[in-house]
Amino acid sequence: MSNLLATGSSALIAFQRALSTVSHNVANINTPGYSRQRTEFEARDGTFYGYGYQGNGVQIVDVRRMADSLATSRLLDSGGELSRLQQLSVLSSRMDSLFSEKATGISAPWSSFFDAASALSSNAAGSADRESLLAQANALTTRFRQIDQHLDGLDVEVNAGLTAATGEVNRLAKEIAQLNGQIGGNTNPSGDLLDRRDQLISELVSYTGGNAVTQDGGLVNVFSAGGQPLVVGATASKLVTVADPFRPERLQVALETNNQRVTLDKRALGGQIGGLIEFRTTVLDPAVAELGRVATSLAQTFNAGHNAGMDLYGQMGADFFALSAPRMSSHAGNTGNASFQTSLGNTGALNAQNVLLRFDGTNWQATHPDTGAAIPMTGTGTAADPLVVNGVELVLASGTPATNDRFLLQPTAGAAGNIKVAISDPSRIAAATPVKATTDLTNTGSGKLSALKVTDATNANLLAPADIEFIDATQYTIDGTGPFTYTPGQTISHNGWSLTLDGAPAAGDTFTVGPTGANSSDNGNAKLLANLDDARVLNGGTMTLNGAIGGLTTQVGSAARQADYSAQAQQVIHDQAQAARDSISGVNLDEEAADLMRLQQAYQAAAQIIAAADTLFQSLLGATRR
C-alpha cells in the first residue's frame, strides 16, 4: 500500500511539473528567441520482491530545451546578412529619391538653364533673356549645392549610426560574456538562460554580421563577419569609433582588444554597421564624386565657351561659373610638412576616382585607395613640371615630404557644394562672337564669308584688325604677309580665329576681320553655349554633359534597385531559416493544448491512485479496529 501511495505521489508531482513546463511554453509564445521546453520522464528503479521487480513510479530527469544548433546557426547567418542589406537598401533608396524626383533632382534645373541659353541665342541683345539665363544659372548652382548638402547629411547620419551601433555592440557583447560566465561549466544550464544568450548573440550579429562558435564547457565565442573576436569566453572586446586619418570629420570603426586598437575596413564587418560602411563607400562616395565631376565639367566647359565670346561692353567673356580647387588631404600620421596646390587640367581626363599619393623617399606614387592598384601619373610636382593624375595638376607648394607621407586626392568630391555663378551683371554675358568679318564693297569675285569662329580665345592678337587680300584666285595675303596658297573651300586661320569662303574670290578682293565691339546683337557665341550640354567633353571626348547627368541618375538608381532586390531575396532566405528554427523550437499552441489535456488527465489519474491508496489504508484501519 505504501508502494502504491509512493507511485501515485511520484506521478502526481511529475505531471504537475510537466504542466508547469507546458504553461511556461504558452506564456512565452511571443517572447523573442524563446525555445519551447519539453519534460523528459523516466521510470524510477523498481524494487525486487523475490517474484520479480515491481515499479516505483515515475520521475522527471530533464526539462529539455528544443533547439537545433544547425538551424540556429543558419538563422544567425541570414539575420546578419539581412540587416546589412536592409540598411544598405534603405539609405540607397533615399538617395535614389533625391536624384530621381523632379523637385529635388538636378535634371529639371539643368534643362531650364540650357533652355535659357537657347532662348538667349535667339535674342542676344535682349535684357530679359540675359536676366533669365542668370536666374536659371543661379537656380542650377543652388540645386547642385542643395544635393551636395543632402549627401553630406547622409554622411553625418552614417557617423551617427556607427556611434549608436558600436554602443549597442559593446552592451550586447558584455552581456553575452556575463552569460558565458554563468553558463560555463554548468552541466545542466537553464534553457531560459541559453535562450537569452542566443537572443543576445542574434542581436549582436545583426549589428556586426559574423557567427558564433560553441566551445567546450558550453561557452560561445562570437566573431564578426571578418573573423574579428567580439566575445571570447567570459571576455568581451570593445568597438570604438575613430576619426578617418585623411578626413577627421568622418568616423571609422576600430576594435579594442588586449590594449590594442585595430581599425576595421568594410570587409571586416557585416550587419547594420557593415551596411552603413558599404553604403558610404560604394553608393554615397561615388555619387558625391560623380556629382562633383558633372559640376566641375559644366563649369570648365561653359567657362571655356564663355571666355571665347564678347559681352555688351565689348570685353572678352570672363568665367561664368566659380569653382573651388580639387580637395587634397594629408594623412594624420605624416611626419613631413609638405602641402600641395591643386588645379583642374584636362576635362576629358577628369576622373571622379580618389587617388592615394605616397612619397617613397624619392618619387611620388599614385594608387587606388581601396585596391592599391597603380594609377598612371606624370610629372615631378614642380611648378614647371606638375604632377598630373586623372586630369588634376598638383604642385608642391611648400614644405618637404618625408618618406611614406601620404595624401588623399579627391578630384571632384565637394565640388558641387562650392559651385557658384561668377557674374551678376547681365551685360557681362558674352553672347557675341568677339570678331566679325566684312566684305569690301568693291570686290568683284563671288567669294562670300562663311563659318567665322574663334579657335583660340587666349590669343593676344585675337581682336587685332586683319585684312585678307587676294592676289588672284589661288593666292592671298594677311596684312601684307604672304602670299599664302588658297584652294576653294579651305580654312583661313589667323590670330586665334578661322573662316571659310563660299564661291571664288577674284584678284584684288579684300575681306576684313576685326573686333565685334560693344552693344552687339551678334549671337554667335550664345548659339555655341546653348549646345554645350551635348558637347563630348568627358571620358576622353566620348561622353556628353547630358550623358553624365543621365549616367549619374542611373548609377544611383541602379545601386538602390540592386540593394532592394538583394534585401528582398535575403528576406526570403531568412524567413525560410526562421521557419526551420520555429519547426523545432517554436511554440505550437495546438500541440501545447493537446499536451495540457493529456497531462491534466494523467494528473487526475495519479490523484485517483492516491485516492485508491487512501481507501485501502482506511479499509485496513477499519479492519484492525474491530
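Trainee: How much space lies in the largest pocket?
Mentor: About 1200 Å³. Keep in mind that this is a predicted model.

Trainee: Okay, and which residues are closest to the centre of that pocket?
Mentor: Asp 244, Arg 250, Thr 281, Asp 285 and Asp 370 are the closest to its centre, out of 44 residues that line the pocket.

Trainee: Which elements give two or more residues to the lining?
Mentor: Those are α4, β10, β11, α6 (271-307) and β19 (406-410). The largest share comes from α6, with nine residues.

Trainee: You mentioned β19. Where does Gln 410 lie, and is Gln 410 buried or exposed?
Mentor: Gln 410 lies in strand β19. Its relative accessible area is 2%, so Gln 410 counts as buried.

Trainee: What does Gln 410 touch?
Mentor: If you skip residues up to four places away in sequence, Gln 410 touches Arg 247, Pro 326, Arg 327, Ser 329 and Asn 354.

Trainee: Back to β10 and β11. What is the order of the strands in their sheet?
Mentor: The order is β9-β10-β11, in an open sheet of three strands with antiparallel pairing.

Trainee: Why is one side of β9 and of β11 left without a neighbour in the sheet?
Mentor: Because β9 (238-243) and β11 (260-264) stand at the edges, and each has a single partner strand. From one strand to the next, the twist averages 40 degrees.

Trainee: What about the hairpin of β10 and β11, how many residues are between the strands?
Mentor: Two residues are between them, and in this hairpin Asn 258 takes a positive phi near 55 degrees.

Trainee: Which other residues here have a positive phi without being glycine?
Mentor: Asn 495 is one of them, with a phi of about 50 degrees, and Asn 539 also has a positive phi, near 50 degrees.

Trainee: Where are those two?
Mentor: Asn 495 is in the loop between β26 (491-494) and β27 (497-502). Asn 539 lies in the loop between β29 (536-538) and β30 (543-544).

Trainee: Is Asn 495 buried or exposed?
Mentor: Buried, with a relative accessible area of 15%. Asn 539, on the other hand, is partly exposed at 36%.

Trainee: While we're on backbone details, where is there a cis peptide bond?
Mentor: A cis bond joins Gly 482 and Pro 483, where omega is about 0 degrees. Pro 483 is found in strand β25 (residues 481-485).

Trainee: New topic: which residues touch the most other members of the largest nonpolar core?
Mentor: Met 95, Phe 144, Leu 151, Phe 320 and Phe 321 do, in a core of 82 residues. Helix α4 (residues 127-183) gives the largest share of this core, 17 residues.

Trainee: What is Met 95 in contact with?
Mentor: Leaving aside neighbours within four places in sequence, Met 95 is in contact with Leu 151, Leu 154, Phe 279, Val 283, Leu 284, Ala 287 and Val 556. There is also a second, separate core of 16 residues, which includes Ala 338, Phe 340, Leu 387 and Val 389.

Trainee: Last one: where is Leu 596, and what does it touch?
Mentor: Leu 596 is in helix α9 (residues 589-624). Not counting residues up to four places away in sequence, Leu 596 touches Leu 19 and Val 22. The C-alpha atoms of Leu 596 and Ser 20 are separated by 9.5 Å, with the two residues 576 residues apart along the chain. At 38% relative accessibility, Leu 596 counts as partly exposed.

How values were computed. Residues numbered from 1 in each chain as written. Predicted model: local features only at pLDDT ≥ 70, side-chain atom pairs only at ≥ 80, totals over all residues. Heavy atoms only, no water. Pairing = 2+ DSSP bridges. Helix = DSSP H or I, 4+ residues; strand = E, 2+ residues; numbered from the N terminus. Axes fitted to C-alpha atoms, helices over the stretch in contact; angles between N-to-C directions. Core = buried A, V, L, I, M, F, W, Y, C linked by side-chain atoms within 4.5 Å. Buried < 20%, exposed > 50% of the residue type's maximum accessible area, 1.4 Å probe, protein only. Contact = heavy atoms within 4.5 Å. 1 Å grid on protein atoms, 1.4 Å probe; cavity = no way out; pocket = protein on both sides within 12 Å on 5 of 7 lines; lining within 4 Å. Points joined across faces, edges and corners; volume = space filled by probe spheres on them.
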